[in-house]
Protein chains: 4
Amino acid sequence: MRKTVVGDVDAGVLRFTAGEDCALDAALIEADCIGTAAHVAALAAAPVRPPLLAAREARRVTAELVNIMRRARAGRFRIRIEDQDVHLAVERALTRRLGDLGRKVHAGRSRNDQVATDLRLYGRDQLIGVMGETASLARALAVMGRRNEMLPMAGRTHMRPAMPGSVGLWASAHAESLLDDAVALRAAYDVNDASPLGSAAGYGSPLELDRKRTARRLGFRRAHANVLYASNSRGKCEAAILSALAQVMLSLSRLAEDLVLYSAPEFGYFELPAGFCTGSSIMPQKSNPDVPELVRAKAARVLACAAAAASVVKSLPSGYHRDLQETKDPFLTGLRETRACLRVMLPLIRGLRPCRKALLAGFAPGVFAADRALELVLRGVPFRAAYRRVKADLAALEARDPREAVALRMRRGTARIDFADLRRRESALRRFAATERRRRDRAVSRLLGTEYPSLAGRARA
Amino acid sequence: MRKTVVGDVDAGVLRFTAGEDCALDAALIEADCIGTAAHVAALAAAPVRPPLLAAREARRVTAELVNIMRRARAGRFRIRIEDQDVHLAVERALTRRLGDLGRKVHAGRSRNDQVATDLRLYGRDQLIGVMGETASLARALAVMGRRNEMLPMAGRTHMRPAMPGSVGLWASAHAESLLDDAVALRAAYDVNDASPLGSAAGYGSPLELDRKRTARRLGFRRAHANVLYASNSRGKCEAAILSALAQVMLSLSRLAEDLVLYSAPEFGYFELPAGFCTGSSIMPQKSNPDVPELVRAKAARVLACAAAAASVVKSLPSGYHRDLQETKDPFLTGLRETRACLRVMLPLIRGLRPCRKALLAGFAPGVFAADRALELVLRGVPFRAAYRRVKADLAALEARDPREAVALRMRRGTARIDFADLRRRESALRRFAATERRRRDRAVSRLLGTEYPSLAGRARA
Amino acid sequence: MRKTVVGDVDAGVLRFTAGEDCALDAALIEADCIGTAAHVAALAAAPVRPPLLAAREARRVTAELVNIMRRARAGRFRIRIEDQDVHLAVERALTRRLGDLGRKVHAGRSRNDQVATDLRLYGRDQLIGVMGETASLARALAVMGRRNEMLPMAGRTHMRPAMPGSVGLWASAHAESLLDDAVALRAAYDVNDASPLGSAAGYGSPLELDRKRTARRLGFRRAHANVLYASNSRGKCEAAILSALAQVMLSLSRLAEDLVLYSAPEFGYFELPAGFCTGSSIMPQKSNPDVPELVRAKAARVLACAAAAASVVKSLPSGYHRDLQETKDPFLTGLRETRACLRVMLPLIRGLRPCRKALLAGFAPGVFAADRALELVLRGVPFRAAYRRVKADLAALEARDPREAVALRMRRGTARIDFADLRRRESALRRFAATERRRRDRAVSRLLGTEYPSLAGRARA
Amino acid sequence: MRKTVVGDVDAGVLRFTAGEDCALDAALIEADCIGTAAHVAALAAAPVRPPLLAAREARRVTAELVNIMRRARAGRFRIRIEDQDVHLAVERALTRRLGDLGRKVHAGRSRNDQVATDLRLYGRDQLIGVMGETASLARALAVMGRRNEMLPMAGRTHMRPAMPGSVGLWASAHAESLLDDAVALRAAYDVNDASPLGSAAGYGSPLELDRKRTARRLGFRRAHANVLYASNSRGKCEAAILSALAQVMLSLSRLAEDLVLYSAPEFGYFELPAGFCTGSSIMPQKSNPDVPELVRAKAARVLACAAAAASVVKSLPSGYHRDLQETKDPFLTGLRETRACLRVMLPLIRGLRPCRKALLAGFAPGVFAADRALELVLRGVPFRAAYRRVKADLAALEARDPREAVALRMRRGTARIDFADLRRRESALRRFAATERRRRDRAVSRLLGTEYPSLAGRARA
């Protein structure tokens, strides 16, 4: 079912409905070409006589799709307002070059499964990127943690100094947070890893197209079991991915908050790399943490993107509705902002410098109080008496060396960090992203008959 | 405090921080020029010797600002990536034409109060538009209601036919909903109607600038009592406006849902104007309600915009933070989408045709059951007996005429619609919007020395 | 239309549907009695022969309703699981005492307009409370601000010291924020100030009940113009009120964040009253700001309550749906939490002690830099040269006295606080709340025939 | 670090801070006892002389914990207001029975890791339940789908009849949706499957407690790599679980919407089981779909719970903050409501009856139009001509049999449902839930020295 405007549609209405698609769809050009190539292959392979598309015709269309992709990469393929969206833009480009052959491509396909396929292809690419970037940032944090495993940093609860802690503990805690988020990213990747192509408008097509083989051609692990669900999953899959991205952004928002606070002059624990701060043309003393501030705020926006997509989908009846178009902007925005934040934080963390002096100065005597009371208890002093004794003479704790207190905890106590575990999880994530990237490249290269990532080769024609 | 980048800021960081501002700020060019003109007037009027700006200088700057506005309207003023934002773009344009005089303009001002002023000016313009459009749509719904006051339409609860109702009741209920939303719009307008100009970076300036007079020059009813709050209100005022817009969108989402449902063939109560539907190139029977579907979904997006702005602001400490930049996109998007929905619904409602036959056919006999039981009760039959008697012979109700049932309720009973009240509230809203528009035009025209809305006149120079 | 369960409803289903109502409805007992009294008066006044309810009967029912209210206040009226909700609990209590007369009360009313009326009555009471408490907290902050108008406190942007500021500026900024929120509270109050009683199931009743007079009896300023909208406004009005409460909570979250930060030992600007902190049984040095931390988090919850109510209502078709029941918990929770926060913050602010020494120590020399550069500029030094000169010798600024810098800004510059304006707005808010409380008391006392707030008098029987 | 109130805490403040915990914590009694038993075992096993707890002492405490669990199950263990929360209630109960031994239990533990452990244990139990219930509902839908694989049901897009579809397609699409959600549930389960016990206040303890062995004792797959992250994960893990639940609720909201619509008299496709509808005491014709309406609305509430938890956590600095307490109510509510919805939908779906007659009547001729045009195209008619021919004679399609159209698609075309895949995924989910339940039971039984699920055995003492 190809939706087109029938009759006299008001120009204002067209602007309202075609809306942002023209601009947003620029992100989907490659995906649309790849999805179309897979559909073309399915048409050519359908067991009917005469064939829906001859093998030679399929090759010509595919070569032209590769051509469009090359032009798009070179900035020479535009979606104009008359096109409404990427699908019609690609269709027109094909028809302009191939005539009637361009028109034959759309048998057995609807704009519904076409756009859904584009979004799954796009989501796959983006999630592979997100996972790789999450792994890199987690590693940078873990590396910083290991390097500063014993560097004292007052541990806080309620924002007040509480117990001996370390920069190692602080940095690698943020690493572990991201690795937990990666579990949700993996799950979202799996949900996304299903091909809707062939589901047409949600009720399939009487044509004998092999949906599973189409899925394999695209490098997806499976086709949906049910064509109506393939349609219903539009928006819902986006919401699931955005939920996972929101988890990542929650982690980043807390890292960012720590950076804003602990680089403030009252703490001075960390110095942000110079290239990441802005100054003031009027206040020479200022060095503003704009990057972590923006990361903090972008977490709010990605959460709102997730909420928007979920809210569009909530309580929709089965089947396609135009509402779903409105999940596109939150989806693209959420992915773009999350990746921008992950990428900007990597060099920031790599360039972050702990200030040993300020860190040591942050150890008010009270930080040692609980440890001291525990020592007394282990020597047999009843707890209440130990507590009173420590409280009565907090000044006596001033002589304590933060480094010893930290060493005690990190070496013998429960605060020891399992860096091997962090490394294992980070490597697994990185490997997964790399494997999936290769899977995708292989499948798409085979489909297009050319080296996909580079598009350097020559499509068979 | 004018934030500029000091030292070696990474190009990637610049892209991250300047972000979307280049594109978004195109909406703020006029506001920035008007705000700058008011600041120039304040500098010229400051009671210091020598004057911060001579009267002649002020006129030259103002004339140049008008010139920029004219170029912007003609599409000949662009914010380039090197400008970062509208403020620097305008500043550079001034300096290019006026040399050092262009640079003098910024004494006693910070980018913080500058952008806050732009947003209040922009918000005022937009809210005047929203209020006018809300009034128009409410009137169209009330007019439709009055015209079809007695046209029967089965009243539903739980989506099932329940009691006699009318198209008049249905349409004017949506009108009243919008008029209730207008109360929130008015409140948001009042909160927005305060000038932050002169608050500088939130701590004022030692210069003797008269903030209240500046407010009057801009046509605002007041300046903030407290310069720190003027700064803190950034983002918060946006969140308040978006909350009010979200109320409007909730009303529109319900109207849209009704339109999707009741124009479906199973009901057929209304026929959407042809220009507002899309067909299908493959299914000749289809007429899809894309416009109401998109309105329904855009309600989700505006709600998310409100959530995003609130979430950015929540728990921020006092004073400016770069986080606030991230409220700009939700603010502009929320206003744009709400207005697009209000505007597209107006001709849709005006062209909506009730289908009498289908409406009458929707009166299953059960719709009359409660009324019939009440008749019996009023004649002295105990309620339980009346209920049993009605239930035993529902078929007897088939002979009833929906028009009589409706007339009974609308004329004598409690369902009578107070159209005069709706009209009164709608007129008050329209008048308020018109009055505020004139207030603004007068103030801005005086400030710029030229007829503002048209910019047709010639600024004094 | 009185919804009851017909046929064999599964016990699990009953638990699912009656749900939380039993517990939640305890808050609505008085409102339900008052609403019922107004309906009784309307029945007695209806212009039909024989009367729907004799005057003497109406007085008996009203007296019994007062009796139920007295029992509820004494904790002797419970809503049991068999009652399902407050409406059936009150109905059964009436019937138990008055027999058939108790049953006659419900003619011309539906559970739909009954619960809507209860919620509007409850919302009115709560909003009057919220407005009064907002005024009190705003006053406490303004009073603190005026008392410490000149007490220096480094003004910050990006969390870093930026410019001279004062405790007066800080405290009264939070006051003004709350007064801005009061505008939204007023608007929500106005939207809530309409009587749905008489709208029955949303399609009115053929009985000649005077909805406007009923509204006056309840002390509402108006009845809805349209009975279907009276029904549709359920949930929507709750969402509007919750939006306004969310504004208040945003203000409180920022005040709370400031309190958490500036009472931390690294700042030490404020000392929270002892009764508002918790210590640690093991760390004698700890004094934790639990109250502001909880306020900060409760802002998140109230925002979520507003989102929940809006999301339930979004895209619902016209007419009653059971979905609306799910707005009750967010509505009651949002009101309860907002009021708890406002109330707990009042003594906290009154007991907050600024620490002069720490505040003065917070003035790093850079805080004076911008002012110094401005001085040079006013003496004719070109800005760039002035900036370089100040930057080259920041140490020279160490001798500056924060008090003088603050005095300059607060007395001559733009940072002067308009306390009179704050006082005017705060008084207007307090007066409005008091006036509305009296309006309500008068109306309800007349309706019940007894002194309402105390229920001390004796209802006419 | 055990937080207690030191000094004169105001009674109102206590009510504000202890808040809802008393009521909410009733859900955590068993978890608190199990967590405490694991900590006791860790103390007894710590490699220090003298032992922190003798083996015999550990057994006595464990036996008493089992005793508390038994009393709680019998409704004889209450958390009183003086207890503040479950932790102090259990501690006091231990001390009452065991004197000083009860007090020794808390060495090396903080209320922070204690509550975090309780929530992970509780979350694990609940998620096992959610997964099992999701599998059951998915199976019921798949079974309904398979039984009605060929039963025609007009497929819709934009709510309008579009193409031939079937009840099989409809029901099993909802099954697949739930199975996709299960991927997110599994991921949330994995994130939750980590023991925070031993992390104390987030900075560990100098005591040599083996956190990994503690994790194994509790049946968790791992301990956190980093104690600070163990603390930071509080709230964040809850947000992740709530996100997954929100996915489930989105699926249920769409199923519910379909049920509300398609059981309405205008469609009549399905008859809801009688026990799941409510009637009206005044309108004998009514049968209201209250259950699906509430499910639809509860989706809004669970989404809001997820938003609340995320919003509390967003931008919190590292380390414990009292804010986190406010994630408890959304967490418990989200789990409770999701499970209630899953459970109530199971018998509803099992009892749902498709109405063949109404389903067939829903096939307007247009539903066959696209298929007919395709037939012509396959016979060589150019598409435009085929389209015109079909459109010109829609009436000719009236003779078509929906059953044949459906059979064509479901047997030969792409709409064939892969029931085996659904069955495989549903079984895997069910097996996973069962396996995890057994793992938990084995671990907890070993830890308590008694048969856990029944608590029938006798703890070693």
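How many bridges join S2(A) to strand S3 (residues 160–166) of chain A, and in which sense do the two strands run? The legends below answer this and then move on to other close-ups. The model shown is predicted, with local features needing pLDDT of at least 70 and side-chain atom pairs counting only at pLDDT 80 or more, while totals for chains, interfaces and linings use all residues. Residues are numbered from 1 along each chain as its sequence is written, chains are lettered from A and ligands numbered from 1 in the order in which they are written, and side-chain values use heavy atoms, leaving out hydrogens and water.

**View 1. The hairpin of S2(A) and S3(A).** Six bridges join these two strands, which run antiparallel; strands count as paired if DSSP finds at least two bridges between them. Helices (H or I, at least four residues) and strands (E, at least two) are DSSP runs, numbered from the N terminus. Look for Met153(A), whose bridge partner in S3(A) is Gly165(A). Two residues sit between the strands, and His158(A) in the turn has a positive phi of about 55 degrees. Six of the six residues of S2(A), residues 152–157, are buried, so this strand is largely enclosed by the rest of the structure. Here buried means under 20% relative accessible area, exposed means over 50%, and partly exposed lies in between (1.4 Å probe, protein chains only).

**View 2. The hairpin of S2(B) and S3(B).** In chain B, strand S2 (residues 152–157) pairs with S3(B) in the antiparallel sense over six bridges. Pro152(B) has Ser166(B) as its bridge partner in S3(B). Two residues separate the strands, and His158(B) in the turn shows a positive phi of about 55 degrees. Seven of the seven residues of S3(B), residues 160–166, are buried, so that strand is largely enclosed by the rest of the structure.

**View 3. Trp170(C) in the largest nonpolar core.** This core has 307 residues, and Trp170(A) and Trp170(C) touch the most other members. A nonpolar core is a set of buried Ala, Val, Leu, Ile, Met, Phe, Trp, Tyr and Cys residues joined through side-chain atoms within 4.5 Å. Apart from it lies another core, of 306 residues, among them Leu43(B), Ala46(B), Val90(B) and Met249(D). Leaving aside neighbours within four places in sequence, the contacts of Trp170(C) include Leu228(B) and Ser318(B), along with Met144(C), Leu255(C), Tyr262(C) and Phe270(C). Contact means heavy atoms within 4.5 Å. In soluble globular proteins, nonpolar side chains tend to be buried together.

**View 4. Where chain D meets chain A.** In this interface, 90 residues of chain D are in contact with 89 residues of chain A. The two chains bury about 7700 Å² between them, 59% of it on carbon and sulfur atoms; buried area is the accessible area (1.4 Å probe) that two parts lose on being put together, summed over both. In chain D, Tyr203(D), Arg254(D) and Thr414(D) lose the most area to chain A, together 12% of what that side buries. The rule finds eight salt bridges across this interface, each a side-chain nitrogen of Lys or Arg within 4 Å of a carboxyl oxygen of Asp or Glu. A handy one to zoom in on joins the side chains of Asp181(A) and Lys236(D) (2.3 Å, N to O).

**View 5. Where chain D meets chain C.** The contact takes 52 residues from chain D and 52 residues from chain C. Between them the chains bury about 4200 Å², with 61% of it on carbon and sulfur atoms. Across this interface the rule finds 14 salt bridges. The side chains of Glu326(D) and Lys298(C) also meet in a salt bridge (2.8 Å, N to O).

View 6. A cis peptide bond joins Arg49(B) and Pro50(B), with omega about -5 degrees. In chain C, Met159(C) has a phi near 70 degrees, a positive value in a residue other than glycine. Met159(C) is buried, with a relative accessible area of 2%. Ala200(D), not a glycine either, has a positive phi of about 50 degrees and is buried, with a relative accessible area of 6%.
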